[in-house]
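Here is a short tour for a first look. Keep the sequence and the 3D view side by side as you read.

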Amino acid sequence: MKFLSYRDSDGVDSVGVLVDEDTIADLRTLIHTFDPNGLSPIRQLLRSTGGHLQFSESDLAKCTRHSCQSIRVLPLVPDPTKVIAAPVNYRDHQAEMMEDYHIDSLGVFLKAPSSVVGHGDIVRLPYTDRRFDQEGELALVIGRTTANVPVDKALDVVAGYTCLLDMTMRGGEDRSTRKSFDTFTPVGPYLVTPDEVGALSELQLRTKVNGILRQDADIADLIWGVPELISYASSVMTLQPGDIITTGTPAGIGQVSNDDTISVEIDRVGTLTVSVSAAGAVACPTKGAARGPKPPEEITPVRSRQAAAG
Ligand code: MN
């Protein structure tokens with residue numbers, strides 16, 4: 001099943017399930033003790049179901065229906081307690097960045113929860129004189145409160161999968177600064193339950209900028225797989241329902257600028273599309289531009305990369 005956070009035509013925020021291509025069933029009526037002034041509806045849904053998002057036909061028959069045309073998609077989780085990210089988690093990206101380290105020695109990092117936006121939203125570049133790159137990634141949403149989960153139980157705490165763009169300013173400032181500007185974490189458009197996603201090792205991820213393919217990767221090439229990443233993250237910090245873990249980006253990162261359109265497409269997970277604006281950008285007040293891991297000057301053509309890998 002596919003779940004999404006949305007704002008209806010009356011301006012009310014909700015969570016629903018896609019019952020067909022153009023119809024959403026509003027799930028608020030199925031949430032026990034739903035509080036319209038509380039956490040985001042999707043977080044209340046996760047808490048009330050323990051993260052097992054399955055509903056019967058008879059449950060859904062009780063729900064109000066909306067046309068997809070009448071709603072606005074919100075960030076999949078508008079208010080996560082945290083967004084946990086893997087720094088370097090594909091060999092080809094490690095090579096393009098000339099990085100000696102990966103998650104084995106770097107651990108994970110946090111992106112500000114206030115940086116999330118949704119499908120169709122705008123990524124706003126804050127500075128005129130810095131480089132900003134797209135990083136397309138597979139992400140997952142935690143279904144229930146979890147600490148120290150072993151690797152072999154880690155997938156049990158996943159409510160579902162989604163697409164994420166880990167927007168990044170290049171340079172030597174801390175990752176938590178470079179990746180936490182408002183709008184720098186587009187996530188969605190929807191959550192797809194694990195039964196519908198199937199084997200992660202079969203999935204491919206493609207990121208396009210203005211329709212041109214930049215990233216084309218097998219999820220099977222993750223250095224740290226999804227269960228290992230969840231288990232490790234949960235050993236550092238307690239995971240809460242609605243927390244987002246993003247798994248890292250493959251080779252093919254590259255600069256984005258004003259008026260670009262970015263899309264991340266993952267088989268059976270969906271396509272997340274956003275636009276980019278530099279309106280209101282100012283000179284950067286920090287001086288990290290020449291420091292930090294060095295990205296390629298030009299985008300590595302996908303085909304030559306595949307030839308080199310093959
Ligand atoms: Mn990333």
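Predicted model: local features only at pLDDT ≥ 70, side-chain atom pairs only at ≥ 80, totals over all residues.

Glu137 and Asp166 link distant parts of the chain, 29 residues apart. Glu137 belongs to strand β11, residues 136–142. Asp166 sits in the loop between β12 (158–165) and β13 (168–169).

## Aromatic pairs

How many aromatic pairs does a search of the whole structure find? The search finds six. One of them joins Tyr127 and Phe181 edge-to-face. Their centres are 5.5 Å apart, with 90 degrees between the planes. Tyr127 lies in the loop between β9 (122–124) and β10 (132–134). Phe181 lies in the loop between α5 (175–178) and β14 (185–192). The pair therefore ties together parts that are 54 residues apart in sequence. Both Tyr127 and Phe181 are buried.

Trp224 and Tyr232 form another edge-to-face pair. Here the spacing is 5.4 Å centre to centre, and the planes make 80 degrees. Trp224 has 18% relative accessibility, so Trp224 counts as buried. The cut-off for buried is under 20%. Tyr232 counts as partly exposed because its value is 28%.

## A ring cluster and a charge over a ring

Ring pairs also build a cluster. Its members are Tyr127, Phe132, Phe181 and Phe184.

Elsewhere, a charged side chain meets a ring. Arg175 lies over the face of Phe109, at 5.8 Å from the ring centre.

## A sheet of three strands

In what order do the strands of the open sheet run? The order is β13-β10-β18, and the pairing is antiparallel. β13 and β18 (254–255) are the edge strands, since each pairs on one side only.

Strands β10 and β13 run antiparallel and are joined by two bridges. Phe132 stands opposite Met169 in β13. Phe132 is also one of the rings in the cluster with Tyr127, Phe181 and Phe184.

Key. Residues numbered from 1 in each chain as written. Heavy atoms only, no water. Helix = DSSP H or I, 4+ residues; strand = E, 2+ residues; numbered from the N terminus. Phe/Tyr/Trp six-rings, centres within 6.5 Å; stacked < 30°, edge-to-face > 60°. Buried < 20%, exposed > 50% of the residue type's maximum accessible area, 1.4 Å probe, protein only. Lys NZ or Arg CZ within 6 Å of the ring centre and 35° of its normal. Pairing = 2+ DSSP bridges.
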